[in-house]
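My notebook is open and the viewer is loaded. Here is what I looked up, entry by entry.

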Amino acid sequence: ASLQTFVGRAYRRPARVAEIDRLVQIAMNARGEDDPIEVGVQSALQAILASPHFLFKTESDPGETNKPARPLND
């Protein structure tokens, strides 16, 4: 739940289920057997902060029905 909240804030939109699943997989794969959970969380946070969804404010696609596209101005 806290990962979903952080992703929503970082991406400036609600997190998608597929995105959360991918980040959980990243966290689980980054941990070794003896590593603490923080190692996996760090990898997931790195993936979030390196994502184009965090680095750039994207305009929604016209095909998306949940948010209308806004034209860019000068």
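**Entry 1: ground rules.** For axes I use lines fitted to C-alpha atoms, for helices over the stretch in contact, with angles from 0 to 180 degrees between N-to-C directions. Helices (H or I, at least four residues) and strands (E, at least two) are DSSP runs, numbered from the N terminus. I am working with a predicted model, where local features need pLDDT of at least 70, side-chain atom pairs count only at pLDDT 80 or more, and totals for chains, interfaces and linings use all residues. Residues are numbered from 1 along each chain as its sequence is written, and side-chain values use heavy atoms, with hydrogens and water left out.

**Entry 2: overview.** I find four helices and zero strands in the protein, in the order α-α-α-α from the N terminus on. Of the 74 residues, 22% are buried (under 20% relative accessible area, with exposed over 50% and partly exposed in between, for a 1.4 Å probe and protein chains only).

**Entry 3: H1 with H2.** I see the axes of H1 and H2 come within 11 Å and cross at roughly 115°. In contact (heavy atoms within 4.5 Å) are Leu 3, Gln 4, Val 7 and Tyr 11 of H1 with Glu 19, Ile 20, Arg 22, Leu 23 and Val 24 of H2. I sort these residues into six nonpolar, one polar and two charged. Here Ala, Val, Leu, Ile, Met, Phe, Trp, Tyr, Cys and Pro count as nonpolar, Asp, Glu, Lys and Arg as charged, and the others, Gly among them, as polar.

**Entry 4: H1 with H3.** The axes of H1 and H3 are 10 Å apart, at an angle of about 20°. That makes H1 roughly parallel to H3 (under 35 degrees; over 145 is roughly antiparallel, 65 to 115 roughly perpendicular and the rest oblique). H1 passes H3 in a right-handed crossing. On the H1 side I note Leu 3, Phe 6, Val 7, Ala 10 and Tyr 11, and on the H3 side Leu 45, Ile 48 and Leu 49. The tally is eight nonpolar, no polar and no charged.

**Entry 5: H2 with H3.** Helix H2 (residues 17–30) packs on helix H3 (residues 37–50) at about 135°, with axes 7 Å apart. H2 is therefore oblique to H3. Leu 23, Ile 26, Ala 27 and Ala 30 of H2 meet a set in H3 including Val 39, Gly 40 and Ser 43.

**Entry 6: the core.** Which residues make up the largest nonpolar core? I list eight: Val 7, Ala 10, Tyr 11, Ala 15, Ile 20, Leu 23, Ala 47 and Ile 48. Such a core is a set of buried Ala, Val, Leu, Ile, Met, Phe, Trp, Tyr and Cys residues joined through side-chain atoms within 4.5 Å. H1 gives the most to this core, with three residues. In H1, Val 7, Gly 8, Ala 10 and Tyr 11 are buried, and the buried residues of H1 pack against H2, H3 and helix H4 (52–55).

**Entry 7: single residues.** Is Val 17 buried or exposed? Val 17 counts as exposed because its relative accessibility is 63%. Just after H1, I note a positive phi of about 60° at Arg 12.

Terms used: Left-handed = near helix turned anticlockwise from the far one by under 90°.
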